Amino acid sequence: MSAPRSVKELADLAVEPVRFLPGTSLRVSLRTAESMWKQGNVYLLEGNDEQAYILLLRYAEFIIKTLPAHPEAKASAGNWKEIKAHHARVDTLLQIISGIKKRLEERYLQYQRMLLEDAEERRRQETERRVKLIQDNEVDNDTDEEEKPWLARSLRRGSAEGSHGKLDLVEEIRGLQLDRRRDDRSTRHSTRPSSDPKRRSGVSYPTVERTEKRSSFENNSNWTNHVPLPESPWLQKQVSSPPLIPLPPPKPTSRLIPPLPQTPPPSFPAPKKGQEAYEFSSSARTEGGDPLRTLFIPKELRDRFLEVAKPNTTRNLETCGILCGKLKQNALFVTHLVIPAQESTSDTCQTIDEGAIFEFQDARELLTLGWIHTHPTQTCFMSSVDLHTHCSYQLMLDEAVAIVCAPSRGEWGYFRLTKPPGMEVITKCRNTGLFHLHDDVPGGIYTDAGKGDGGGGHVREIGGLRFEVVDLR
Ligand SMILES: [Zn+2]
Ligand SMILES: [Zn+2]
């Protein structure tokens, strides 16, 4: 689990400009809203307050501000009714968001307090360590033979008594030094010249500020995740401020003070009992740097789809299917391959009853995770029509994937639009021609989403993952 982010940071993340690009149909916008709502609720149930807050706040903003302003919103009574159906959730939604926000604020403050306590503790330890080293030097260089046994006893006693004993020892040593200086001025002045550089340095020993006990956060064995300091200018100022107690300059006779050993950064509590203790991290990113959650696809899905598509394929007709699934612990899993009612040609495939698909999905709380289609005789690539079709999927979900199967070539591919520039190019394109061209853009309009570990892709095939094939034709 990473360091908590402030509510403001999360609220900023909730606003995503690409979702408000003009040209998105109301149909896609409504499904986008539904997808946000479902995902937000999953995160909420799993105890992932940060993601729940981002998704539900984004959803609230979307249904309250964006949807009513859509050009198609009032084009028909049916459209307006669908928007109103989302508005019916607003009261409950705002209560949920308010509750999450309160928890996030508490958690963030708790973390900030912990960081400050940790910085304070490190500073105290460093001061104590330096005092000790200086004392050791003083003892080595100054102590008369007859004083050493007494000091050795005191040092042993100090270490046995813990830090409290050490503080007393500092006072004792300081007292001893003062006594020695008085002695110097009176009885020993003639035997030790005042030009002695050590005596002239006038070292004064710092007082050690007592601080509260070490934060209990670090003593809790449940809190084992190490996290970096958050980027808060205020906090950094606190952490990097110089010690309150000025330290004496190094003396020629001093041993070099070794650097403080690296101590681990502060820990933060693991999720509470009942919350998910593990979540999948996002290793892939869009070209714009947004994280892409991992999308797991059953390894056997392509072959099953090709079996279902075979009658069409032999007649040189395309077939398409919808990838549906679940969000779990910050990763997406394809659990259903839905074959919708469709009309096909050799180069196109169009679903004809989307209502039935949505009904099926909503009854099972499934998300739309992408689509799959065949190119019966052509190679494996994204045609211009494919790009426009996929743009709608990716507007609903950044991680949505297009699987293209070219059975005559034994080829397949996992694709997504680049973001930027692919999404922007396709959203703005008004051309509806079957094989129209798009301007060449640096980075390309689409990319391979299945580039394996470390290759930048977010799609992973996984063997043995259960899934259902549902034929709605
Ligand atoms: Zn195609
Ligand atoms: Zn186009």
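Reader: Where is Gln 329 found?

Author: Gln 329 sits in the loop between strand E6 (320-328) and strand E7 (331-339). Helices (H or I, at least four residues) and strands (E, at least two) are DSSP runs, numbered from the N terminus. This is a predicted model, in which local features need pLDDT of at least 70, side-chain atom pairs count only at pLDDT 80 or more, and totals for chains, interfaces and linings use all residues. Residues are numbered from 1 along each chain as its sequence is written, chains are lettered from A and ligands numbered from 1 in the order in which they are written, and side-chain values use heavy atoms, with hydrogens and water left out.

Reader: Why does Gln 329 count as buried?

Author: Buried means under 20% relative accessible area, exposed over 50%, and partly exposed in between (1.4 Å probe, protein chains only). Gln 329 has 13% relative accessibility, so it counts as buried. Asn 330 is in the loop between E6 and E7 too, and at 8% it is therefore buried as well. For Gln 329, phi is near 50°, a positive value in a residue other than glycine; for Asn 330, phi is near 70°, also positive.

Reader: How do you know that the buried residues of H4 are on the same side?

Author: Helix H4 (residues 77-87) has Asn 79, Ile 83 and His 86 as its buried residues. They cover an arc of only 50° around the axis, so they lie on the same side of H4. The arc is that of the directions from the helix axis to the C-beta atoms. On the face turned away from this buried side are the exposed residues Ala 77 and Lys 81.

Reader: And which residues of helix H1 are buried?

Author: In H1 (residues 7-14) they are Val 7, Leu 10 and Ala 14. Their arc is only 65°, which means that they share one side of H1.

Reader: What makes a group of residues a nonpolar core?

Author: The members are buried Ala, Val, Leu, Ile, Met, Phe, Trp, Tyr and Cys residues, joined through side-chain atoms within 4.5 Å. The largest nonpolar core here has 73 residues, and Ile 297, Leu 301, Val 401 and Ile 403 have the most contacts inside it. Helix H3 (residues 49-66) gives the most to this core, with 9 residues.

Reader: How do you know that the second largest pocket lies between two domains?

Author: Domain 1 (7-88) and domain 3 (284-471) both give residues to its lining, so the pocket lies between them. The domain bounds come from an automatic or database domain assignment. A pocket is an open set of points on a 1 Å grid over the protein atoms alone, where a 1.4 Å probe fits, with protein on both sides within 12 Å along at least five of seven lines; lining residues have an atom within 4 Å of a point.

Reader: Which residues are the closest to the centre of that pocket?

Author: Of its 37 lining residues, they are Arg 27, Gln 350, His 388, Thr 389 and Ser 392. Helix H13 (384-396) gives the most to the lining, with 9 residues.
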